[in-house]
Amino acid sequence: MPDLKKELASISTLMKFDAGTVILKEGAYVKVIPLIISGLAKVYKEEENGHEVLLYYIKPGESCIMSVTSMIKNEVSMVKAIIEEDAEVVVIPTDKAIQIAHKYPKWNEFIYELFNLKFHELLNVVKILTFSKKDVRLFEYLKNKAALKNETTITTTHQQIADDLGSSREVISRLLKKLEHDGQIKLNQGNIELL
């Protein structure tokens, strides 16, 4: 829709964020709606013990659905979003995003489709957290991360994986060794190759 694109261009700002930048803080009011153009962001829920659990990724062409929910209800965010790979992000002020929602049904269609997609991703996270053994959960995480980047080798650390899965580095290292022994992965210095 050219009219919607034109209006979005007039009300939004294109920003660049480095990997590691927090773009949404848990407990803060949402001031802008991010729309990822390039790069990758991930959304976490902080646990009471200080660990964080990875809920979902925000890929190019997507937005943070939890930001939209918080904006609609005018509540503080229940999640934290961090840029994983350097990203270009279209930043839409929340008051303008509400106006767009009233004016363009196609925007609402986009948001509903995104809700549906992220809901299914969250159901998968719940299934894995609740019903899967830790090694299965870890391997699912590795497969999803590789699929996001369309690669079979993942550049990461054991600590980063532990942080994403709300576990300890020692547990992750032990499970990675088991997966390697089972022939599912190959551990290299600084990366993991899925076999």
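What share of the contacts in the chain between residues at least 6 apart in sequence join residues at least 24 apart? Among such contacts (contact means heavy atoms within 4.5 Å), 71% join residues at least 24 apart. The model is predicted, so that local features need pLDDT of at least 70 and side-chain atom pairs count only at pLDDT 80 or more, while totals for chains, interfaces and linings use all residues. Residues are numbered from 1 along each chain as its sequence is written, and side-chain values use heavy atoms, with hydrogens and water left out.

View 1. Helices (H or I, at least four residues) and strands (E, at least two) are DSSP runs, numbered from the N terminus. The C-alpha trace spans about 55 × 35 × 25 Å along its principal axes, and buried residues make up 42% of the 195 residues, where buried means under 20% relative accessible area, exposed over 50%, and partly exposed in between (1.4 Å probe, protein chains only).

**View 2. Strand 5, residues 80–93, is mostly covered.** Strand 1 (residues 13–17) pairs with strand 5 in the antiparallel sense over 5 bridges, two strands being paired if DSSP finds at least two bridges between them, and M15 stands opposite V89 of strand 5. Strand 3 (residues 32–46) also runs antiparallel to strand 5, to which 11 bridges join it.

**View 3. I82 in strand 5 is a bridge partner of V22 and of K42.** Strand 2 (residues 22–24) runs antiparallel to strand 5 and is joined to it by 2 bridges. In a regular strand, the side chains alternate between the two faces of the sheet.

**View 4. K118 lies in helix 4, which covers residues 105–131.** Is this lysine buried or exposed? K118 is buried, because its relative accessible area is 1%. Leaving aside its neighbours within four places in sequence, K118 is in contact with Y56, Y57, K59, E62 and I65.
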